[in-house]
Amino acid sequence: MKKAVNFLIFVPMLLFGLFFYNNNVFYNKFKEYNNTTFCYVYSNKNFTNKTENLNTVFTNFKTINNGDKTFLYFSKMKTKIFETPDYMQVCFLGSHNQVQEIIKDLNLNKVFSEKFENYFSFYGYSSNWVKYKILKNKKVNFQIVFKENKITIGYPMIYGSF
(Lines give C-alpha, C1' and ligand atoms only; values in the text may rest on other atoms or scores of the structure.)
Protein backbone atom coordinates (compact mmCIF):
# COMPACT_ATOMS: atom_id res chain seq x y z
CA MET A 1 0.00 0.00 0.00
CA LYS A 2 2.81 2.40 0.94
CA LYS A 3 4.56 1.74 -2.40
CA ALA A 4 1.35 2.44 -4.30
CA VAL A 5 0.85 5.76 -2.49
CA ASN A 6 4.47 6.75 -3.15
CA PHE A 7 4.04 5.83 -6.81
CA LEU A 8 0.82 7.87 -7.09
CA ILE A 9 2.63 10.90 -5.66
CA PHE A 10 5.84 10.42 -7.67
CA VAL A 11 4.29 10.03 -11.16
CA PRO A 12 2.32 13.33 -11.19
CA MET A 13 5.36 15.17 -9.82
CA LEU A 14 7.54 13.65 -12.54
CA LEU A 15 5.06 14.61 -15.30
CA PHE A 16 4.70 18.10 -13.83
CA GLY A 17 8.49 18.49 -13.87
CA LEU A 18 8.78 17.23 -17.44
CA PHE A 19 6.28 19.80 -18.71
CA PHE A 20 8.26 22.66 -17.13
CA TYR A 21 11.54 21.10 -18.20
CA ASN A 22 10.40 20.87 -21.83
CA ASN A 23 9.04 24.46 -21.76
CA ASN A 24 12.44 25.84 -20.83
CA VAL A 25 14.46 23.37 -22.90
CA PHE A 26 12.51 24.45 -26.00
CA TYR A 27 13.40 28.09 -25.35
CA ASN A 28 17.04 27.32 -24.49
CA LYS A 29 17.53 25.18 -27.62
CA PHE A 30 16.53 27.98 -29.98
CA LYS A 31 17.18 31.32 -28.24
CA GLU A 32 20.60 31.86 -29.86
CA TYR A 33 19.50 31.47 -33.49
CA ASN A 34 19.49 34.46 -35.87
CA ASN A 35 16.50 36.87 -35.48
CA THR A 36 14.57 34.55 -33.16
CA THR A 37 10.92 35.18 -32.36
CA PHE A 38 8.98 32.84 -30.08
CA CYS A 39 5.21 32.42 -29.96
CA TYR A 40 3.64 30.53 -27.06
CA VAL A 41 -0.05 29.73 -27.46
CA TYR A 42 -2.19 29.43 -24.34
CA SER A 43 -5.80 28.39 -23.80
CA ASN A 44 -7.52 31.34 -22.19
CA LYS A 45 -9.12 29.06 -19.62
CA ASN A 46 -5.60 28.22 -18.34
CA PHE A 47 -3.92 31.58 -18.87
CA THR A 48 -4.24 34.65 -16.70
CA ASN A 49 -3.12 37.63 -18.75
CA LYS A 50 -1.65 39.84 -16.02
CA THR A 51 0.77 42.29 -17.58
CA GLU A 52 2.82 42.72 -14.40
CA ASN A 53 3.50 38.97 -14.30
CA LEU A 54 4.41 38.87 -17.99
CA ASN A 55 6.86 41.77 -17.53
CA THR A 56 8.83 39.75 -14.99
CA VAL A 57 9.18 36.79 -17.38
CA PHE A 58 9.44 38.23 -20.93
CA THR A 59 11.26 41.11 -22.60
CA ASN A 60 9.46 43.14 -25.30
CA PHE A 61 6.48 40.81 -25.50
CA LYS A 62 3.25 41.24 -27.43
CA THR A 63 -0.01 39.40 -26.80
CA ILE A 64 -2.89 38.76 -29.15
CA ASN A 65 -6.14 37.33 -27.83
CA ASN A 66 -8.54 35.73 -30.31
CA GLY A 67 -11.22 34.65 -27.84
CA ASP A 68 -10.21 31.17 -26.76
CA LYS A 69 -6.42 31.45 -27.25
CA THR A 70 -3.78 33.98 -26.27
CA PHE A 71 -0.70 34.26 -28.48
CA LEU A 72 2.35 35.52 -26.61
CA TYR A 73 5.18 36.75 -28.89
CA PHE A 74 8.64 37.47 -27.46
CA SER A 75 12.32 37.23 -28.24
CA LYS A 76 13.85 36.95 -24.76
CA MET A 77 12.77 35.20 -21.59
CA LYS A 78 14.07 36.60 -18.29
CA THR A 79 13.14 33.67 -16.06
CA LYS A 80 11.48 30.25 -16.22
CA ILE A 81 7.80 30.08 -17.10
CA PHE A 82 5.38 28.15 -14.96
CA GLU A 83 2.22 28.22 -17.06
CA THR A 84 2.40 25.48 -19.66
CA PRO A 85 1.58 26.69 -23.17
CA ASP A 86 -0.55 24.50 -25.41
CA TYR A 87 1.83 25.14 -28.30
CA MET A 88 5.36 26.55 -28.53
CA GLN A 89 6.72 27.97 -31.74
CA VAL A 90 9.93 29.64 -32.80
CA CYS A 91 10.91 31.36 -36.07
CA PHE A 92 14.40 32.35 -37.16
CA LEU A 93 16.56 32.78 -40.24
CA GLY A 94 18.40 29.66 -41.31
CA SER A 95 19.28 27.14 -43.96
CA HIS A 96 18.05 23.73 -45.06
CA ASN A 97 21.24 22.27 -43.51
CA GLN A 98 20.25 23.78 -40.15
CA VAL A 99 16.87 22.06 -40.43
CA GLN A 100 18.66 18.72 -40.82
CA GLU A 101 20.90 19.50 -37.82
CA ILE A 102 17.86 20.40 -35.68
CA ILE A 103 16.10 17.16 -36.64
CA LYS A 104 19.19 15.24 -35.57
CA ASP A 105 19.71 17.29 -32.39
CA LEU A 106 16.10 16.78 -31.26
CA ASN A 107 16.41 13.05 -32.05
CA LEU A 108 13.29 13.21 -34.21
CA ASN A 109 11.98 10.20 -36.06
CA LYS A 110 10.37 11.19 -39.33
CA VAL A 111 6.62 10.60 -39.36
CA PHE A 112 6.11 12.18 -42.78
CA SER A 113 7.07 15.27 -44.79
CA GLU A 114 5.51 17.47 -47.44
CA LYS A 115 7.19 19.47 -50.16
CA PHE A 116 5.37 22.30 -51.86
CA GLU A 117 6.40 24.86 -54.44
CA ASN A 118 8.17 27.22 -52.03
CA TYR A 119 8.43 25.37 -48.70
CA PHE A 120 9.22 22.06 -47.01
CA SER A 121 7.34 20.74 -43.97
CA PHE A 122 8.70 17.98 -41.71
CA TYR A 123 6.62 16.15 -39.09
CA GLY A 124 8.56 14.22 -36.48
CA TYR A 125 8.27 12.47 -33.15
CA SER A 126 10.66 12.08 -30.23
CA SER A 127 9.86 10.18 -27.05
CA ASN A 128 12.11 12.69 -25.23
CA TRP A 129 9.28 15.25 -25.36
CA VAL A 130 5.98 14.79 -23.50
CA LYS A 131 3.32 16.47 -25.64
CA TYR A 132 2.15 15.10 -28.96
CA LYS A 133 -0.71 15.24 -31.43
CA ILE A 134 -2.10 12.40 -33.54
CA LEU A 135 -1.81 12.94 -37.31
CA LYS A 136 -2.54 10.20 -39.80
CA ASN A 137 -2.90 7.81 -36.82
CA LYS A 138 0.69 8.51 -35.70
CA LYS A 139 2.20 10.54 -32.87
CA VAL A 140 3.74 13.87 -33.90
CA ASN A 141 5.37 16.31 -31.53
CA PHE A 142 7.42 18.54 -33.82
CA GLN A 143 6.58 20.29 -37.05
CA ILE A 144 9.38 22.10 -38.85
CA VAL A 145 8.77 24.31 -41.89
CA PHE A 146 11.54 25.71 -44.06
CA LYS A 147 10.40 28.54 -46.33
CA GLU A 148 12.54 31.21 -48.02
CA ASN A 149 15.47 30.94 -45.55
CA LYS A 150 13.08 31.07 -42.59
CA ILE A 151 12.70 28.12 -40.20
CA THR A 152 9.54 27.75 -38.12
CA ILE A 153 9.44 25.03 -35.47
CA GLY A 154 6.33 24.07 -33.53
CA TYR A 155 6.00 21.85 -30.49
CA PRO A 156 3.84 19.78 -30.59
CA MET A 157 2.76 21.46 -33.86
CA ILE A 158 2.74 24.87 -35.49
CA TYR A 159 -0.48 26.58 -34.43
CA GLY A 160 -1.58 28.93 -37.16
CA SER A 161 0.54 30.10 -40.03
CA PHE A 162 4.21 30.00 -40.84
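This is a predicted model: local features need pLDDT of at least 70, side-chain atom pairs count only at pLDDT 80 or more; totals for chains, interfaces and linings use all residues.
How many salt bridges does the structure hold? The structure holds two salt bridges, a salt bridge being a side-chain nitrogen of Lys or Arg within 4 Å of a carboxyl oxygen of Asp or Glu.

Residues are numbered from 1 along each chain as its sequence is written, and side-chain values use heavy atoms, with hydrogens and water left out.

**View 1. The whole chain, for orientation.**
The chain folds into three helices and twelve strands; these are DSSP runs numbered from the N terminus, helices being H or I with at least four residues and strands E with at least two. Of its 162 residues, 40% count as buried. Here buried means under 20% relative accessible area, exposed over 50%, and partly exposed in between (1.4 Å probe, protein chains only). The chain exposes about 9,700 Å², with 53% of that supplied by carbon and sulfur atoms; the areas come from the Shrake-Rupley method with a 1.4 Å probe, and for residues only the protein chains shown count as cover. Taking contacts with a separation of 6 or more, 57% are between residues 24 or more positions apart, where contact means heavy atoms within 4.5 Å.

**View 2**
Eight strands form an open sheet with antiparallel pairing, in the order β3-β4-β1-β6-β12-β11-β8-β7. Two strands pair if DSSP finds at least two bridges between them. At the edges are β3 (62-65) and β7 (109-115), each of which pairs on one side only. Neighbouring strands of this sheet are turned by 15° against each other on average, direction ignored. Helix α3 (residues 96-105) packs on the sheet and touches β6, β8 (119-125), β11 (142-147) and β12 (150-155). The direction of α3 makes about 170° with that of β11; axes are lines fitted to C-alpha atoms, for helices over the stretch in contact, and angles run from 0 to 180 degrees between N-to-C directions.

**View 2. Strand β1 and its two partners.**
Strand β1 (residues 37-43) is mostly covered, with six of its seven residues buried. Five bridges join β1 to the antiparallel strand β6 (residues 87-93), and six bridges join β1 to the antiparallel strand β4 (residues 69-74). Follow valine 41 across the sheet: valine 41 stands opposite tyrosine 87 in β6, and its bridge partner in β4 is phenylalanine 71. Tyrosine 40, for its part, stands opposite leucine 72 in β4.

**View 3. Two cysteines without a disulfide.**
The structure holds zero disulfides, a disulfide being a pair of cysteine sulfur atoms within 2.5 Å. Cysteine 39 is in no disulfide, and the nearest cysteine sulfur, that of cysteine 91, is 8.1 Å away. Cysteine 91 is likewise in no disulfide. Cysteine 39 is buried, with a relative accessible area of 4%.

Aspartate 105 forms a salt bridge with lysine 29, and the closest N and O atoms are 3.2 Å apart. Aspartate 105 lies in helix α3 and lysine 29 in helix α1 (residues 2-30), so the pair ties together parts that are 76 residues apart in sequence. Aspartate 105 is exposed at 52% relative accessible area, whereas lysine 29 is partly exposed at 31%.

Aspartate 86 forms a salt bridge with lysine 69, the closest N and O atoms being 3.2 Å apart. Aspartate 86 sits in the loop between β5 (76-77) and β6, and lysine 69 in strand β4, so this pair ties together parts that are 17 residues apart in sequence. Lysine 69 counts as buried, at 11% relative accessibility.

**View 4. Backbone details worth a look.**
A cis peptide bond joins tyrosine 155 and proline 156, with omega about 0°; proline 156 is in the segment after β12. Asparagine 137, in the loop between β9 (133-135) and β10 (138-140), has a positive phi near 60° without being a glycine. Asparagine 137 counts as exposed, at 77% relative accessibility. Asparagine 149, in the loop between β11 and β12, has a positive phi of about 60° although it is not a glycine. Asparagine 149 counts as partly exposed, at 48% relative accessibility.
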